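This report walks through one structure for a reader who is meeting it for the first time. Please keep the sequence and the model at hand while reading.

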Amino acid sequence: MSNEFIEVTHINIRHSIFSLLSKLFLIDLATAFAFMVFFSTFAVASIPDDFKLALLSSNTAYFLVLIGGKIILTLLVVLQWLNEYYEIFPYEVVHKAGLIWRKEQRYAFKEIEYIKVEQGVFGKFFNYGTLTLYDWKRNIFGTLYLIHNPIKYYRILASLLPNVSKERQVVRERLREEED
């Protein structure tokens, strides 16, 4: 067995798949609600039969508009998820976002003073959370929002920034600390 290494120049991090799936689920719920509202008008006795017949004759157009809107929203959510990500380089963190107009925010390691990881109950269960970086030079907080496996990337950043102050707010660890 040889001692070969793979050189990694940077790490890409996307938002959690849980955030993507929850947005897609909300789109499905909104579509189902719109169908229920449309078809519940047929059960109302005070609406004249002529109006109900006119609504029923236009239900194909309504259905096509609703499904077209759902498809467009789904594509936008997925494209946004694909085009917003974070890159960890050995010297900086870069946040890239935008479908048409790309925006980049850079946080140089030499200017980061503080790292914090937050992970609530759902975050612990579905393995997502938020990392917060404090850039002392620009006096701003940068967030790696709803990323998958935040503890892993917290450890990576902590190893790249050994002199930075660190804070962890994780539900399970808080419960353990309170017991001790």
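This is a predicted model: local features need pLDDT of at least 70, side-chain atom pairs count only at pLDDT 80 or more; totals for chains, interfaces and linings use all residues.

His95 has Gln105 in E4 as its bridge partner, and this pair belongs to the antiparallel pairing of E3 and E4, which extends over six bridges. Between E3 and E4 lies a hairpin with five residues between the strands, where Gly98 takes a positive phi near 120 degrees.

On its other pairing, E3 meets E2 in the antiparallel sense over four bridges, with Glu87 standing opposite Val94 in E3. A hairpin of three residues joins E2 to E3.

Strand E3 is mostly covered, since six of its six residues are buried. In a regular strand the side chains alternate between the two faces of the sheet. In E3, Glu92, Val94 and Lys96 point one way while Val93, His95 and Ala97 point the other way, and all of them are buried.

Lys96 has its place in strand E3, which covers residues 92-97, and its side chain makes a polar contact with the side chain of Glu87 at 3.4 Å. When neighbours within four places in sequence are left aside, the contacts of Lys96 are Asn83, Glu84, Tyr85, Glu87, Arg102, Lys103 and Glu104.

**The open sheet and its helices**

Strand E3 is part of an open sheet of four strands, which follow the order E1-E2-E3-E4 with antiparallel pairing. Strand E1 (11-14) and strand E4 (103-108) each have a single partner strand and stand at the edges, so one side of each is left without a neighbour in the sheet. Neighbouring strands of this sheet are turned against each other by 20 degrees on average, if direction is ignored. E1 is joined to strand E2 (residues 85-88) by four bridges, and the two run antiparallel; here Ile11 stands opposite Ile88 in E2.

Helix H3 (residues 59-83) packs on the sheet, where it touches E1, E2 and E3, and its direction makes about 150 degrees with that of E1. Helix H5 (residues 150-160) also lies across E1, E2 and E3, running at about 140 degrees to E1.

The length of H3 can be checked against its residue count: at 1.5 Å a residue, its 25 residues should span 36 Å, and the end C-alpha atoms are 36 Å apart, which agrees. Leu66, Val77 and Trp81 are buried in H3, and the buried residues of this helix pack against E1 and helix H1 (17-40).

Strand E6 (residues 128-135) is mostly covered, with eight of its eight residues buried. Both of its faces are covered, for Tyr128, Thr130, Thr132 and Tyr134 on one side and Gly129, Leu131, Leu133 and Asp135 on the other are all buried. Its two pairings are set out below.

| Strand pair | Bridges and sense | Opposite residues |
|---|---|---|
| E5 (residues 112-119) and E6 | six bridges, antiparallel | Tyr114 and Tyr134 |

E6 and E7 form a hairpin with four residues between them, and Asn139 in the turn has a positive phi of about 55 degrees.

**The nonpolar core**

Which residues touch the most other members of the largest nonpolar core? Among its 19 residues, these are Ile112, Ile115, Leu131, Leu133, Leu144 and Leu157. At least two residues of this core come from each of E2, E5, E6, E7 and H5, and H5 gives the most, with four residues.

Leu133, one of the residues named for this core, also lies in E6, on the side that holds Gly129, Leu131 and Asp135. Leaving aside neighbours within four places in sequence, Leu133 is in contact with Val93, Tyr107, Ile112, Tyr114, Ile115, Ile140, Phe141, Gly142, Leu144 and Leu157.

How values were computed. Residues are numbered from 1 along each chain as its sequence is written. Side-chain values use heavy atoms; hydrogens and water are left out. Buried means under 20% relative accessible area, exposed over 50%, partly exposed in between (1.4 Å probe, protein chains only). Two strands pair if DSSP finds at least two bridges between them. A polar contact is a pair of N or O atoms within 3.5 Å; within protein, one must be able to donate a hydrogen and the other to accept it, and residues adjacent in sequence count only if both atoms are side-chain atoms. Contact means heavy atoms within 4.5 Å. Axes are lines fitted to C-alpha atoms, for helices over the stretch in contact, and angles run from 0 to 180 degrees between N-to-C directions. The expected span of a helix is 1.5 Å times one less than its number of residues. A nonpolar core is a set of buried Ala, Val, Leu, Ile, Met, Phe, Trp, Tyr and Cys residues joined through side-chain atoms within 4.5 Å.
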